[in-house]
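Work through the following exercises with the coordinates open, and check each step of the solutions against them.

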Amino acid sequence: MNQPVKMRLHHLGVQTSDVDNCLSWYLDFFRATRKWELDQFSELTRSRLPGIRRLIEVAAGDIRFHIFDRADHNGRTPDENCYQFQHACISVSTPEEIAEIRSHWIDLYDSGRYTFARPDGPTDIVVDSDGVMSLYLYDVNGLEYEFSYVPEGDR
């Protein structure tokens, strides 16, 4: 009998047109730490990501982000009607963390230190009938993240 493969997410790749802006925001917003940086790439990477110049890994808890730019990046956000990951969801441990994350995003946006691809602020925090709390927000590149608190149970 085939057993399911035990998988876990290793990292999210974040393509940006402004590595310094993006890196600073990820370090600040996620309270991440910088792990390593590359500026030389394998033939496979160069064929998959033509024009890649720089890749930096940052880590926040168990989540890693690979932030990279490409020489030919057009600086546009993805078309809402094209195939793409619509959002990535990150779970938090307490309901209070959701409110703190929302407040932190607003503080960083209002600081004027970062350039955002979209002017949209974070959503209100919603709670469903099972007590699951969700918050949606965009990073500096216009990529959407969901932050969720899920009470104990199989949900």
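**Exercise 1: the hairpins around strand 7**

Strand 7 and strand 8 form a hairpin in this predicted model, with 5 residues between the two strands and with Gly-142 in the turn at a positive phi of about 90 degrees.

Task: Determine how strand 7 is paired with strand 6 and strand 8, and state whether strand 7 is largely enclosed or open.

Solution. Begin with strand 8 (residues 144–149), which runs antiparallel to strand 7 and is joined to it by 6 bridges; here Tyr-138 stands opposite Glu-144. Turn next to strand 6 (residues 126–127), which pairs with strand 7 in the antiparallel sense over 2 bridges, with Val-126 having Ser-134 as its bridge partner. Strand 6 and strand 7 also form a hairpin with 5 residues between them, and Gly-131 in that turn has a positive phi of about 85 degrees. Finally, consider burial, with under 20% relative accessible area as the cut-off: because 5 of the 6 residues of strand 7 (residues 133–138) are buried, this strand is largely enclosed by the rest of the structure.

**Exercise 2: helix 1 and its end**

Task: Which residues of helix 1 are buried, and which residue just after helix 1 takes a positive phi?

Solution. Applying the burial criterion to helix 1 (residues 19–29) gives Val-19, Asn-21, Cys-22, Leu-23, Trp-25, Tyr-26 and Phe-29. Moving just past the helix, one finds Arg-31 with a positive phi of about 50 degrees.

**Exercise 3: the whole chain**

Task: What share of the residues of the chain is buried, and how many helices and strands are there?

Solution. Of the 155 residues, 35% count as buried, while the secondary structure comprises 3 helices and 8 strands, arranged along the sequence as β-α-β-α-β-β-β-α-β-β-β.

Conventions: Residues numbered from 1 in each chain as written. Predicted model: local features only at pLDDT ≥ 70, side-chain atom pairs only at ≥ 80, totals over all residues. Heavy atoms only, no water. Helix = DSSP H or I, 4+ residues; strand = E, 2+ residues; numbered from the N terminus. Buried < 20%, exposed > 50% of the residue type's maximum accessible area, 1.4 Å probe, protein only. Pairing = 2+ DSSP bridges.
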